[in-house]
Amino acid sequence: MTLDDLRVFIAVCETRNLSAVSRTLSCSQSAVSQHVRRLERELGLTLIERQPRGVSPTDAGRILYQAALGGITALDSAVRRLRELRDGDGGTVKITTGGVTVRHFMPDAITAFRDRHPEATLDFQSAHSTRRCLELLQNGQADLAWITLGEPAPGVQQRPVVDLPWVLAVNAGDPLAARETIDPSDLRSIRYIAHPANSASHRRLAENFVRLGCTPARTVGVADWDTAVLLAELGIGHAVLPALPRLPLSPAGPVRTVPIPALSPITVGWAARQWDALSPLATEFAELVTADQARLSADQNWTIR
């Protein structure tokens, strides 16, 4: 049994697809199968079984997967930290999240972290969906992911931080800007600035719209929340988005946000492959962001998780 065997086995369990693993590792599918068969021969147990589409771990495979994942993740983290000690590097924390999330959720934490650890590096990798963030995390390309939390993901531990209510961002001259709240009946008539189809916020909104029976007409699509706010300010349409803690709004400004209490809040927070295996620097940064969100959310009377 080798580390390569275990790494390949982990990838097979997470992707449930031998050909996908072979493409990722730039090797043949038979080579992937050989790694798994070597583990099965040594343990004397079947670890994966073929399904109509792909493969899935057996009960024995799931036991090995959980043990191997914890060991490999801890080993990778230790090796990286040892290299940083050897090279005199202050350490690197790799974070993946949406393109505009850093500005809305992390600026104070980044400043505090840099003041404490000027020699350390924060490496941010933008991703356009929660799914992509989780892929980077599972592949070992990130230590932490700030995401919209949802269903459990294989090999990932999630920690909710705050529930964000939904608001309607609308041009100040629009009749809806004067409302105290937006009702489901109002949503039927808005010109909806749609979120990216592969984003978690798009899926959550679609579920809410179906539940309320008020799917609005789409007028334009955008790649991020900040662009949606800008288009709402220009009067192009109406943006339905989470009440982000740092939306650039003022009472006299060109855009207003109005609460939509009928929509179920979304939960945002951290994800990591294994919290116990994170470096002290990564743990500290996650805690700084969490504490900052607790402070901002208390000002807004939002729910802290």
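Which residue of β10 is the bridge partner of Ala169? In this predicted model, in which residues are numbered from 1 along each chain as its sequence is written, local features need pLDDT of at least 70 and side-chain atom pairs count only at pLDDT 80 or more, while totals for chains, interfaces and linings use all residues. Side-chain values use heavy atoms, with hydrogens and water left out.

The bridge partner of Ala169 in β10 is Ala239. Strand β7 (residues 166-171) and strand β10 (residues 238-242) run antiparallel and are joined by 4 bridges, where strands (E, at least two residues) and helices (H or I, at least four residues) are DSSP runs numbered from the N terminus, and two strands pair if DSSP finds at least two bridges between them. Both strands belong to an open sheet of 5 strands with mixed pairing, in the order β9-β8-β10-β7-β11.

Helix α9 (residues 200-212) lies across β7, β8 (191-194) and β10 and runs at about 95 degrees to β7, angles being taken from 0 to 180 degrees between N-to-C directions, with axes fitted to C-alpha atoms, for helices over the stretch in contact. Helix α10 (residues 225-233) packs on the sheet and touches β7, β8, β9, β10 and β11, its direction making about 145 degrees with that of β10; contact here means heavy atoms within 4.5 Å.

Elsewhere, the axes of helix α2 (residues 18-25) and helix α3 (residues 29-43) come within 8 Å and cross at roughly 105 degrees. The contact is made by Leu18, Ser19, Val21 and Ser22 of α2 together with Gln29, Val32 and Ser33 of α3.

Leu136 lies in helix α7 (residues 130-138) and, at 4% relative accessibility, counts as buried (buried, under 20% relative accessible area; exposed, over 50%; partly exposed, in between; 1.4 Å probe, protein chains only). Leaving aside neighbours within four places in sequence, Leu136 is in contact with Thr96, Gln125, Ala127, Gln141 and Ala142.

The count of disulfides, defined as pairs of cysteine sulfur atoms within 2.5 Å, comes to 0. The sulfur of Cys27 is 16 Å from the closest cysteine sulfur, in Cys13, which is too far for a bond. Cys27 is partly exposed at 32% relative accessibility, whereas Cys214 is buried, with a relative accessible area of 1%.
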